[in-house]
Amino acid sequence: MPHRVYIQTVGCQMNVLDSELAAADLMQVGYELVHSPREADTILYNTCSVRQHAEDKIYSALGRLKPLKQKRPDLIIGVMGCMAQKDRDAIFRRAPHVDLVVGPGQLGRLPEFIDRVRRGDNLSPLPTDFGPAPGGEPVARAVFQPSKLLEIGLDRASGRRKDISESFKTFNVNRTAAMRSVPHQALVRIAFGCDRFCAYCVVPRVRGPEQNRPAAEIEEEVRRLADGGCLEITLLGQTVNGYRDDSGGATVRLSDLLHRLHEIAGIRRLKFVTNHPNYMTDDLLAAMRDLPKVSPYLHVPAQSGANEILRRMKRGYTVEQYREMLERIREKIPQAAVASDFIVGFCGETEEEFQQTVELVRTARFKNSFIFKYSSRPGTKAAELYADDISEEVKRRRNNELLAVQNAICLEDNQPYLGRTVEILVEGPSKVARKQPPGAATVQLVGRTVHDRIVVFDGPRELIGKIIEVTIEKLDPFTLFGKLL
Ligand code: SAH
Ligand code: SF4
Ligand code: F3S
């Protein structure tokens, strides 16, 4: 019987992509992908460390697996991704029934690692250059049992940049359309890591130094995806608009890359996330304006509307500069949809500073905003320099207040869609559809416009993966409800 693996993924699209690639590698060596932990002989969590809450969820899920592991000692439990990189051997201390911990840069060797654990051939002496565990706890070699495996990237302060970078790179492009929930959409990484070190953010530590993939390699991957029937490509990078490839002589910027990918037959839509305000250059906006396949959608987080907070966050711009950037976007691409992220309750955020953020949201009219309560992350500059002094209650209130302002804007900006016909890429059945009878001729389907607006409508499953037109009949702040033409 083939091995059965269950993979649960939390976190951002980087993790979604990593899980897809890891699953592809495992299937290549004969694994079957299953949809519940109970059916599996290998359970893997692809984890996120960006906020405490994301980590807590994984630790409780791991806790719930303990009785299962006691009953079935041959069950293999693995923690991979960003929390693996951040918490390292501390994971074995908190959850002693975990067998392997694999960082994002080591995922390309996952089948080999699981095999080693299964064979018991997995003694993993801790390399000395991992440095102290987060919070300065000494790395306790003694707690290691011979059945544990730890493979992670090098600490960012541990040596030569080249070696550190290498330890965060994984290229395994064994992917097939069958791995994706929507075979017609694919994520393509164009850059690894981040060098910006925003004061609150753990990503530069857990994803390593910024590295740009050679444009030719990206182009080849997209060509292969197009040959496999892929219609929509989303390019991924932590500061995706800062992409530069200098490896081939002349510099290739994101705008140049978009021009090259635009030529690939079969590709209908190109998107890219996440942007940093400081790299929103005119050549990129011109490419977005001039290339019809590039979706007029820009996710470019502001994080705060108060200059003192932006300074302490080390974001590298003022709110005036952010607004100027918005004006440039609106001027060049009047129909562009702009989305943002905000952190509320950052260290020392006064009520007045919070109101400046509210004011930014009120006036900028983002297509949507992702709003987060500040979560102090060990090892970051903010955790080191400032007290996490805004109470949970105040964070929650600010979160709700900002959300209410944004939601009202979403509703107003959705109104003009009423009665309009829009083009969507059908992504799959909606949550409601999962409760509808499996044999039904039509189910509720979900699609997305080029502006990243979600459209729900009833139709046959055969429409999944197609680009079609629907007429909008109803709406709420987050969803347009359509009818097939
Ligand atoms: N590279 C992207 C995304 C980083 S993480 C970027 O630079 O925009 C995604 C979002 O999580 C961030 O934009 C930020 O709003 C939020 N975030 C990051 N660290 C956080 C923290 N410590 N507490 C709360 N939210 C955080
Ligand atoms: Fe984190 Fe800032 Fe890098 Fe984004 S740009 S990943 S917020 S450090
Ligand atoms: Fe989380 Fe790692 Fe993404 S920390 S947000 S999964 S890069």
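The model is predicted, so local features need pLDDT of at least 70 and side-chain atom pairs count only at pLDDT 80 or more, while totals for chains, interfaces and linings use all residues. Residues are numbered from 1 along each chain as its sequence is written, chains are lettered from A and ligands numbered from 1 in written order, and side-chain values use heavy atoms, without hydrogens and water.

**Stop 1: the largest cavity.** Select Met 14, Asp 18, Pro 104, Gly 105, Phe 168, Thr 170, Arg 189, Ala 191, Phe 192, Gly 193, Arg 207 and Gln 238, which line this space. A cavity is a set of points on a 1 Å grid over the protein atoms alone where a 1.4 Å probe fits but cannot get out; lining residues have an atom within 4 Å of a point. The volume is about 90 Å³. Now colour by domain: domain 1 (4-166) and domain 2 (177-416) each give at least three residues to the lining, with bounds from an automatic or database domain assignment.

**Stop 2: the second largest cavity.** About 70 Å³ of space lies here. Select its lining, including Leu 17, Leu 21, Phe 171, Asn 172, Val 173, Arg 213 and Glu 221. Thr 170, Arg 189 and Phe 192 belong to this lining and also to that of the largest cavity.

**Stop 3: ligand 3.** Show Gly 11, Cys 12, Asn 15, Cys 48, Ser 49, Val 50, Cys 82, Arg 207 and Gln 238 around ligand 3, each with a heavy atom within 4 Å of it. Arg 207 and Gln 238 take you back to the largest cavity, which they also line.

Conventions. On a 1 Å grid over the protein atoms alone, a cavity is a set of points where a 1.4 Å probe fits but cannot get out, and a pocket is an open set with protein on both sides within 12 Å along at least five of seven lines; lining residues have an atom within 4 Å of a point. Grid points are joined across faces, edges and corners, and a volume is the space filled by probe spheres set on the points.
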